[in-house]
Amino acid sequence: MVPAPENIIGYYGFPRREDIRLARERYGCHLPLVDLDVYQGAPDSGLLGTTTCRIISNIVDNAVFYSRRLSAVIADVGEGKCDRGRHIAYLLRGMGFQVIESRITEAEFENRPLVWSRSAGTLRERVNRIMDSVIDAAPPGDTPLPCAPTHGFWGVPPHDFRILDLFPPTTHIYGWTRCVEAGRPSDLELECSIDEGVPTVFFTQSFCAKQDLAHYLAEKFGGMEVDCHRDVNDSIGGKVEAFLKLS
Amino acid sequence: MLIADCGSTWTKILDTDTERLEIIQTREMVKRDDLFFEIATGHSGKNRCRLYRNELIALAEGSLSLVEEEDFSVVDVGGRDLKFIRFAGRKIQKLDWNLACGSSTGATIELLGNYYQADFDALAPSRKWINVTCGVFGMEKVLEHVSTGTDAGESLAMFIHGLVRNVFDFTGRPDRLFLSGGFCANNCFLQTLAKYCSVVALGRTVPLEGLRGKHHLEEADLTGGAP
């Protein structure tokens, strides 16, 4: 007899650590925690419009894909996510999912050291290590040394991680991803803090409200704004390549 | 030696030995197995050349070949994208590439022009504009205007005015703009843009000039400074 697939607990954004702990206690500490922001191979559910930020679509597509295996969804509905994150929490509840709404307030901000944001190494891996810290706040055992930045990547973890592979290892991480590492997901000052003189790509998913910030900051710091809807294509690769090469 | 700028809709091929320039539709170019280039830029050229050059870099280097000024802005309005570079002291101060949307690009206006059989040289600029949020929305507005009685030519001129505003904003509203690409031959576009800023048309071969290699940009030629 084939065992039934294991249930999971889904989450998106950066929920409060206490809410994650309580959800695990309630639904099973042994259940894997799955980041619904990340493409998990789910087919398009078609429940959202085509001009929806791909990360938000991923959440809904993943939820539909996992369906009954999804014991609960811990939904970041605070300022650290976005209005659409709040809206789809409502939508998912209406679809019958167990939704736990979670909001990190300023009073709960942490002040964790910026290890992966400021070190050298594969950008893809460092972004992943930062995002892992949402569910496991333990400090890394293999702490890398900081490096001087040659380039910057500002933004959220992209839908298509291949864009990260274009950057050199000496790229520092800024924006929301840095906020996550610091444990301060809605700290707008930190999100907009850039090292002047570091040529930075300001990345957003298309149709994301953070495009406003990316545009403003790219103008202010002489960086390049890049938005991408679904997969990274040759044009986006060429744009980033030109910027990195000439900077 | 054959060098080529293989754009989305048009391919520009230059024989540097004879200086003969051939411009063919890219849809025709991709059918020709005999075409292989020493150096190429543009998506369709990637697998047809010995040396491939990034499009934005080719545009930057071509601009430096053709323009002698210290500080200037150049924009290439292509078939499906917009590329912009601002130079300060002949170093790149700002570059951008509007990739995904046809809101300001040649393919959209070619489609409309073909459909309405427009002569863009004879088409008078319009003081009104259509808000070309994206290419498809803009086309829908043109169709709406025509269906409600606006002359097709006037509707197209309004669309072009919308494109011009997008280009002007995308380039940071400069006082003077060097224009590259097929719109250099579109009189209505040129006249409309001239209402916003001084325009110098460089023609369709700016990236090809970059491929000639007279000006090689080195790493760190981007100043990274705010405007």
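Sheets, domains and the chain interface in a predicted model

Q: In what order do the five strands of the open sheet of chain B stand?
A: In this predicted model, five strands of chain B form an open sheet with mixed pairing. Neighbouring strands are turned by 25 degrees against each other on average, direction ignored. The strand order is 3-2-1-4-5.

Q: Which strands of chain B stand at the edges of this sheet?
A: An edge strand has a single partner strand, so one side of it is left without a neighbour in the sheet. In chain B this holds for strand 3 (20-25) and strand 5 (49-52).

Q: Which residue is the bridge partner of B:A4 in strand 2 of chain B?
A: Strand 1 (residues 2-6) and strand 2 (residues 10-15) of chain B run antiparallel and are joined by five bridges. In strand 2, the partner of B:A4 is B:I13.

Q: How many Å separate the centres of domain 1 and domain 2 of chain B?
A: The domain assignment of chain B gives domain 1 as 1-52 and domain 2 as 55-227. Taken over C-alpha atoms, the separation of their centres is 22 Å.

Q: Which strand of chain B gives the largest share of the side of domain 1 that touches domain 2?
A: In chain B, 14 residues of domain 1 are in contact with 15 residues of domain 2. Strand 1, strand 2, strand 3 and strand 4 (37-41) of chain B each supply at least two residues of the domain 1 side. That side divides into six nonpolar, six polar and two charged residues. The largest share, three residues, comes from strand 2 of chain B.

Q: Why does chain B count as being as compact as a globular protein of its length?
A: Chain B has seven helices and ten strands. For its 227 residues the globule rule gives 17 Å, and chain B is as compact as a globular protein of that length because its radius of gyration is close to this, at 18 Å.

Q: What percentage of the residues of chain B count as buried?
A: The C-alpha trace of chain B spans about 50 × 45 × 30 Å along its principal axes. Among contacts in chain B between residues at least 6 apart in sequence, 64% join residues at least 24 apart. Of the 227 residues, the buried share is 45%.

Q: Which strands stand at the edges of the four-stranded open sheet of chain A?
A: The open sheet of chain A has the order 2-1-3-4, with parallel pairing. Its neighbouring strands are turned by 25 degrees against each other on average, direction ignored. Each edge strand has a single partner, so one side of each is left without a neighbour; these are strand 2 (33-35) and strand 4 (99-102) of chain A.

Q: What angle does the direction of helix 2 of chain A make with that of strand 1 of chain A?
A: Strand 1 (residues 8-12) and strand 3 (residues 70-76) of chain A run parallel and are joined by five bridges; in strand 3, A:A75 is the bridge partner of A:Y12. Helix 2 (residues 54-66) of chain A packs on the sheet and touches both of these strands. Its direction makes with that of strand 1 an angle of about 170 degrees.

Q: Which helix of chain A gives the most to the side that touches chain B?
A: 19 residues of chain A are in contact with 21 residues of chain B. The elements giving two or more residues to the chain A side are helix 7 (211-221) and helix 8 (234-245) of chain A. By class, that side has seven nonpolar, seven polar and five charged residues. The most, nine residues, comes from helix 8 of chain A.

Methods
Residues are numbered from 1 along each chain as its sequence is written. Chains are lettered from A and ligands numbered from 1 in the order in which they are written. This is a predicted model: local features need pLDDT of at least 70, side-chain atom pairs count only at pLDDT 80 or more; totals for chains, interfaces and linings use all residues. The radius of gyration is taken over C-alpha atoms; the globule rule is 2.2 Å times the number of residues to the power 0.38. A residue is buried if 20 or more other C-beta atoms lie within 10 Å of its own, exposed if 12 or fewer, and partly exposed in between; C-beta atoms are placed from the backbone. Two residues are in contact if their C-beta atoms, placed from the backbone, lie within 7 Å. Ala, Val, Leu, Ile, Met, Phe, Trp, Tyr, Cys and Pro count as nonpolar, Asp, Glu, Lys and Arg as charged, and the others, Gly among them, as polar. Two strands pair if DSSP finds at least two bridges between them. Axes are lines fitted to C-alpha atoms, for helices over the stretch in contact, and angles run from 0 to 180 degrees between N-to-C directions. Domain bounds come from an automatic or database domain assignment.
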